[in-house]
Amino acid sequence: LLQEIIFIGMSRRDRDEDYDASQRRGRPAGSQTPGQSSQHGFSKDDMDKMVSDATFYFLVADQKKSLIKRADLCKYCDLNKKPRDVQVDVINRAIQHLLKTFGIKVQESESKKGCYFLINQLQENQDDESLQHITWSEKENAQMGLTFTILGLIFMSNGKVSDDTLFKFLKLLGVFEEERGKKTGRAADQGGDPVDPDVSELFDGDTKKFVNDILVGRQHYLRRDRVQGPDPEVEAYEYSWGERAEFEVKKSDVLKMVCELYECEPRMFKEQYDKVKEAEGEDALDTE
């Protein structure tokens, strides 16, 4: 049904654009100049169908917030055997349609060419849930809440935190429990209080796996790099903001959240305050 709606919406929009263009040129709507009936050797309906297929694929593939690969899009939308210029035109038109119709920006990865993130550009009304464009389940709210909290910890820690610091922090939040008997290189490390089963279920029963497999490996909200730790026999890692977070999350929003928790002004955190102003402008932290 969604795919049909996309196709109908595109066809109607194109007819409206054709009408506006024909009025400006002084020709009757629907009249065509030679060659206008086809694009790249395909009929207009064929091109619209390919664009709607690509648009639909973008939306479906983004449901788990994984990187969307151009190669997969071409394969599943039957574009592989089409000329290169057709592939480029179809994908570019799908990208434009996503932004104009759905308020979704398609951002190509800087580290992995030919891969895309979908970034919501619509501003949500935080004061009235009935006016919000996206409704999240309890599990999605918990996962995004934890993601945002981790990003806040990293931002307030000069952009990087060790795995030791991160998981101690999650333990304090009551969402992580260290495996007992596992060598970690931490003196007098204890497992801590067990995590509430209902809380654990929100993160598929394993918060550490959620962080490393989902936030790092699949969604790219976090980046995880191997570093030299105090014990050479124990693997040590450092976490920083991932590429999706850099595109999607405003550092001003993170700093505002921290300031609300501490009931203070952003200027109290001078280093972070200066970084936000440099990246987002002088007005980014203005309070209404």
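**Loop residues, cores and helix packing in a predicted model**

His-220 sits in the loop between helix 8 and strand 7 (222-227). Helices (H or I, at least four residues) and strands (E, at least two) are DSSP runs, numbered from the N terminus. The model is a predicted one: local features need pLDDT of at least 70, side-chain atom pairs count only at pLDDT 80 or more, and totals for chains, interfaces and linings use all residues. Residues are numbered from 1 along each chain as its sequence is written, and side-chain values use heavy atoms, with hydrogens and water left out.

The phi of His-220 is near 65°, a positive value in a residue other than glycine. Most residues other than glycine have a negative phi. His-220 is buried, with a relative accessible area of 16%. Buried means under 20% relative accessible area, exposed over 50%, and partly exposed in between (1.4 Å probe, protein chains only). Asp-78 also is not a glycine and has a positive phi, of about 60°. Asp-78 lies in the loop between helix 3 (70-76) and helix 4.

His-220 is among the residues that Arg-244 touches. Arg-244 belongs to helix 9 (residues 243-248). Arg-244 counts as buried because its relative accessibility is 0%. Not counting residues up to four places away in sequence, Arg-244 is in contact (heavy atoms within 4.5 Å) with Asp-62, Lys-65, Ser-66, Phe-117, Leu-118, Gln-219, His-220, Tyr-221 and Val-249.

The chain as a whole comes to 11 helices and 8 strands. Of its 288 residues, 36% count as buried. Among contacts between residues at least 6 apart in sequence, 57% join residues at least 24 apart.

The largest nonpolar core has 33 residues. Such a core is a set of buried Ala, Val, Leu, Ile, Met, Phe, Trp, Tyr and Cys residues joined through side-chain atoms within 4.5 Å. Ile-150, Leu-166, Leu-170, Val-211, Leu-222, Tyr-239 and Trp-241 have the most contacts inside this core. At least two core residues each come from helix 5 (138-155), helix 6 (163-173), helix 8 (207-218), strand 8 (236-241), helix 10 (251-262) and helix 11 (270-280). Helix 5 gives the largest share, 7 residues. Leaving aside neighbours within four places in sequence, Leu-166 is in contact with Ile-150, Leu-153, Val-161, Val-211 and Tyr-239. Another core, of 21 residues, lies apart from the largest one; Met-50, Cys-77, Val-106 and Tyr-116 are among its residues.

Thr-165 is in helix 6. With a relative accessible area of 38%, Thr-165 is partly exposed. Thr-165 and Glu-238 are 73 residues apart in sequence and 9.3 Å apart in space, C-alpha to C-alpha.

Two packed helices are described by the angle between their axes and the distance between the axes. Helix 2 (residues 44-61) and helix 4 (residues 84-102) pack at about 60°, with axes 8 Å apart. Axes are lines fitted to C-alpha atoms, for helices over the stretch in contact, and angles run from 0 to 180 degrees between N-to-C directions. Helix 2 and helix 4 are therefore oblique to each other (angles under 35 degrees count as roughly parallel, over 145 as roughly antiparallel, 65 to 115 as roughly perpendicular and the rest as oblique). The residues of this contact divide into 13 nonpolar, 2 polar and 3 charged. Ala, Val, Leu, Ile, Met, Phe, Trp, Tyr, Cys and Pro count as nonpolar, Asp, Glu, Lys and Arg as charged, and the others, Gly among them, as polar.
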